[in-house]
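I opened this notebook to keep a record of what I looked up, entry by entry, in a structure that was new to me.

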Amino acid sequence: MDLNSFLRQRRPRWQRLSELLDRVDNKGLQDLRPGEADELFSLYRLTSSDLNLVQTKTASAGVVDYLEGLVARAYAQLAGSNRAGFFRSWWMILRHYFPAAIRTEWRVVLLSTITMVAGVVCGMAATWGNPNNAEIFLPPEHLAQTPRERVTALEQMEREGHTRIGSADENVAFAVYLFNNNIRVGVMAFALGLTFGVGTIVVLFFNGAMLGSLMVLYLADSEAKFFFAWIGPHGSLELPCTIIAGAAGLMLAVQQLKQGDQPLLAKFRAIRPRLVDILVGESTLLVIAGCIEGGFSQINEPTINYWIKIAVAVVLFTALIIYLFVMPVKARADDDVS
């Protein structure tokens with residue numbers, strides 16, 4: 001390769017890249033116009049290719065050092081900007097757009113809530129009349145022992161120092177398992193909205209029925225305090241997340257049922273920003289709920305008094321309601337928060 005000819009041809013774009021980077025160093029990427037930002041990224045790729053050619057085709061250490069420095073500067077700006085942009089977007093969704101979207105879509109959130117509450121009532125009624133009906137709603141592991149036997153065994157383990165989660169690694173592994181299980185329910189509630197909402201209604205109702213049936217078993221066995229102390233801390237976030245995922249599914253159903261000549265994909269695109277905001281916010285809350293369920297929820301008396309756990313649940317749920325419906329938020333430009 002003729003190094004002099006190569007330098008004459010490529011030096012102008014290296015100089016242009018250096019000029020753009022100087023501006024970014026002084027004033028940030030926001031100082032660049034959209035076309036200049038595209039140019040910066042294109043020049044970064046081309047200069048990276050030039051560096052590869054110089055390293056393999058020539059032995060010019062000076063040119064290699066210059067291009068390595070230029071490429072490193074560009075990478076640092078672009079990679080740092082991507083990371084900062086991701087966290088900034090995530091924060092804006094959590095702080096503003098997620099609760100704003102919930103308020104905009106309050107009707108489907110209310111319908112989702114009513115559906116789950118109806119399931120809870122149905123599960124309670126069916127199990128209260130005949131405890132054997134719990135087999136319809138609950139998996140076998142919840143029926144292997146009576147609630148009193150389970151509580152007695154757990155409290156005895158706690159007194160002996162044999163907690164269910166014995167190490168930080170076990171806590172993380174259990175939390176990840178719980179998160180995967182919870183996100184599966186959320187994804188089902190959302191995705192089945194494509195069945196004109198029928199599948200979403202079924203998921204919400206059945207999950208409510210499971211909760212109602214389990215509650216009756218513990219109430220009937222005089223273990224109500226344990227039940228609310230066990231379910232409350234993580235359930236104060238997890239159950240609303242299921243409702244929110246169901247609301248997102250019902251948003252899809254509403255678009256399917258909406259009259260008009262507009263194609264279905266166009267209807268979905270119209271609500272896409274709010275859907276993304278809702279799913280990002282709901283997933284973040286599920287991570288928090290999984291961490292609570294994997295650790296704090298598994299600690300029993302005498303280590304932690306059950307009333308303390310119930311109080312934590314009340315505080316978490318109250319904070320969630322204030323966050324979603326009371327705190328001032330900024331909606332996206334095309335949203336109406338009411």
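Before the first entry I noted that helices here are DSSP runs of H or I with at least four residues, numbered from the N terminus. I also noted that the model is a predicted one.

Entry on the pocket. I looked up the second largest pocket, and found that its volume comes to about 630 Å³. The lining of this pocket is made up of 26 residues, and those that lie nearest its centre are G235, S236, L239, P240 and F317. I then asked which helices each supply at least two residues of the lining, and noted α4 (106-129), α8 (198-220), α9 (224-257) and α11 (306-325). Of the elements that line this pocket, α9 gives the most, with 10 residues. When I sorted the lining by residue class, I counted 22 nonpolar residues and 4 polar ones, with no charged residue.

Entry on α9 and its packing. I followed α9 to its contact with helix α10 (residues 264-294), where the two pack at an angle of about 170° and their axes are 9 Å apart. Since angles over 145 degrees count as roughly antiparallel, α9 and α10 are therefore roughly antiparallel to each other. The residues of this contact divide into 19 nonpolar, 3 polar and 5 charged.

Entry on cysteines. I searched for disulfides and found that the structure holds 0 of them.

Conventions. Residues numbered from 1 in each chain as written. Predicted model: local features only at pLDDT ≥ 70, side-chain atom pairs only at ≥ 80, totals over all residues. Heavy atoms only, no water. 1 Å grid on protein atoms, 1.4 Å probe; cavity = no way out; pocket = protein on both sides within 12 Å on 5 of 7 lines; lining within 4 Å. Points joined across faces, edges and corners; volume = space filled by probe spheres on them. Nonpolar A, V, L, I, M, F, W, Y, C, P; charged D, E, K, R; others polar. Axes fitted to C-alpha atoms, helices over the stretch in contact; angles between N-to-C directions. Parallel < 35°, antiparallel > 145°, perpendicular 65-115°, else oblique. Disulfide = S-S within 2.5 Å.
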